[in-house]
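Student: I would like a close look at one part of this model. Please take me through its pockets.

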Protein chains: 2
Amino acid sequence: MRNVCLQSAAMTKYGKSLLSARELALVASKKAIIRAGMAPSDIEAGFVANAFSLSEKQGHLGPIIMSGLGIPDVPASTIESACSSGASALREAWINIGAGIYDCMLVVGVEKVSQLDTITATTYFSFGSDYIFEGACGASFPGLYGSIARSHMNKYGTKEEQLAQVAVKNHENALSNPNAHLHKKITVDEVMKSPVIASPLKLFDSCPFSDGAAAAILCSEEFARNLNGSNSERIWIRGSGRAGGTGALHQRADMTSLNASVLAGREAFEQSNLGTKDIDFAEVHDCFTIAEVIATEDLGFFSRGEAAKAEEEGRTRIGGDFPINPSGGLKAKGHPVGATGVGQIVEVFDQLHGEAETRQVKDARVALTHNVGATGGSCAVHIFERA
Amino acid sequence: MRNVCLQSAAMTKYGKSLLSARELALVASKKAIIRAGMAPSDIEAGFVANAFSLSEKQGHLGPIIMSGLGIPDVPASTIESACSSGASALREAWINIGAGIYDCMLVVGVEKVSQLDTITATTYFSFGSDYIFEGACGASFPGLYGSIARSHMNKYGTKEEQLAQVAVKNHENALSNPNAHLHKKITVDEVMKSPVIASPLKLFDSCPFSDGAAAAILCSEEFARNLNGSNSERIWIRGSGRAGGTGALHQRADMTSLNASVLAGREAFEQSNLGTKDIDFAEVHDCFTIAEVIATEDLGFFSRGEAAKAEEEGRTRIGGDFPINPSGGLKAKGHPVGATGVGQIVEVFDQLHGEAETRQVKDARVALTHNVGATGGSCAVHIFERA
């Protein structure tokens, strides 16, 4: 495997959009191509990360997007792994380039769901879990994470007010992210008084349904040096881990941890020869506040049962010792399913290049991204270093 | 890139099934695992090829299938590239193993569409083309291939009776394939008199909607030798090509060739150091009879405008100088979209191991598979050799 460089990354604003998936994908892709200082014709192959484009009556997004970029000969498959589609696509591009198949690839994640009513959109989300045994039996997607939250509270004494702190912090971070879906400062009291969605989770514990797209350009070391000279600092993928977990929650002995996160994190750390202390910030999968708490425990940033306390103490804020989700996370930056894992990479690109403005993590050099499929049926973790 | 071996392949019968996609996928996967002489725990990662599982209210098939195999920790993404999903997934597994990421992977393609009425199923197929500019304007999927057929007839004088010969031959081949969807001997006269679907294409020019699954197990040379000893003959992937084409037909200067097929074929042949004369038989993408004619021209088996004549002369029959679709092809073996490209590999496995019974191509040692997405928005070609 050759070294693989994150040459560029860019995104649309997340939120409700009048654009279709193809248009959102083209906007993000073109921004990333321009930011890379490249032409579309430099791209040799691509991956599209998407989960629900059939709801727009369109599959086979690759040729549509590549044709829109003026490079129809360039192959691009769609990769779907529910909410972890983006990171899964990134990983496959990393492998393609690492193996020497291509020198320059586009990964574009996209989702368009705002044409669906809320009940339909929620039902689509539950297609990521084991629908026959969960969704069809009445366990909505928030309901499954509600069960996970209740388990964690029972086992570790985690409190609803501590979960609310996650939402407050991520909303605060999103205020300085112009691409975030939600720009709304909230308080613990407001979270606690927001409507219950699936007890103990409330509206403000939950990420929004977002439209949006994010694109990343990966390339070989040689390609990067030819493009920008050999002296520039670049962002390298140092580790990539990926693992699965049971599709349904009832198949698990314990719901307070996602085994896919533990395994994927371990693989990425081992590969990178880095440890949690080396990570300057992480973008983790916080579809619900409880998910961020469990993610930071599964990745080893905090001991079991300690993450909620760390959130309460402000250790995960920008400026804390483990900044988590400086972008605002899925919770406030938004969660356009296929785009989410690629959008995390955009934050890595901005932060590691010192371009994150008022949400900049000081001297950020090493970052981790963690992207979960549904309730942990899949997970991909990546570690990046500027060097 | 390391050498990659096709260790096993197996499929369900194609046709109408009462099983769900997850069940079909498990049946094919377990058959392939047993045929490989392995245990599920030997599998380190997988890809699922699928296009329409959302119609069954299920996405994120990877964890569902891996959980069903008793190996929930094993990661598996879904790859969608319309009708070429299967070969796209195979290619990514080839790259993963070639790069040394994994030593043993499962690729399982699956589709379940028989719960949809015919109009809905036809509409789903058109989601693989450029729906806004084609399907939504009334150009059904058969209609697009009808336009392609008409172009080819106008340019080369191809005759409807010659296209009918493709159907007759593939139905004949399928008679001796126990897994084929259609077991029905037909005549040119019957094809010509069958109902017009999209002029000049008739019902018997068209593949059926099939349910079904097919699975392949790929592994590294070292893994294969540890499993079966170092003296056995094996099937190796000698070439893999993949390319894109415009999503919509109106974006093309010419509709008598699929540029994605030309480019993917060229890449696979160059990589393999083999030529058309070395190919003992090919499984090509014949969703409509015209598609087989164009495929064999795009791949260089016949000169432009000569393939229909070759079909008429029987050169593509088992026993001819270029046997095409000994399995019965999409036309008669069936076309469960996500499974199709993997099902072609099952035929390669059977034929190259001499296990194709009465449809055996004599002394088959080298085979080619050609799998197209929709009207040529994507294509993947693979070349296999027993050695």
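How much space lies in the second largest pocket?

Tutor: Keep in mind that this is a predicted model. The second largest pocket holds about 430 Å³ of space. Its lining is made up of 18 residues. Closest to the centre are Leu203(B), Ser206(B), Cys207(B), Pro208(B) and Phe209(B). The top contributor is α4(B), with three residues. By class, the lining has twelve nonpolar, four polar and two charged residues.

Now set the largest pocket beside it. About 620 Å³ of space lies there. The lining counts 26 residues. Those nearest the centre are Thr118(A), Leu203(A), Cys207(A), Pro208(A) and Phe209(A). In chain A, α4 (118-126) and α5 (141-156) each supply at least two lining residues. Here α4(A) gives the most, with five. The lining splits into 16 nonpolar, six polar and four charged residues.

Next, the nonpolar cores. The largest has 112 residues. Tyr145(A), Ile290(A), Tyr145(B) and Ile290(B) make the most contacts inside it. Take Tyr145(A) as an example. Leaving out residues up to four places away in sequence, Tyr145(A) touches Leu201(A), Leu258(A), Cys287(A), Phe288(A), Ile290(A), Ala291(A), Val372(A), Ala374(A) and Thr375(A). Another core, of 73 residues, lies apart from the largest one. Among its members are Tyr102(A), Val4(B), Ile95(B) and Phe281(B).

Technical notes: Residues numbered from 1 in each chain as written. Chains lettered and ligands numbered in written order. Predicted model: local features only at pLDDT ≥ 70, side-chain atom pairs only at ≥ 80, totals over all residues. Heavy atoms only, no water. Core = buried A, V, L, I, M, F, W, Y, C linked by side-chain atoms within 4.5 Å. Buried < 20%, exposed > 50% of the residue type's maximum accessible area, 1.4 Å probe, protein only. Contact = heavy atoms within 4.5 Å. 1 Å grid on protein atoms, 1.4 Å probe; cavity = no way out; pocket = protein on both sides within 12 Å on 5 of 7 lines; lining within 4 Å. Points joined across faces, edges and corners; volume = space filled by probe spheres on them. Helix = DSSP H or I, 4+ residues; strand = E, 2+ residues; numbered from the N terminus. Nonpolar A, V, L, I, M, F, W, Y, C, P; charged D, E, K, R; others polar.
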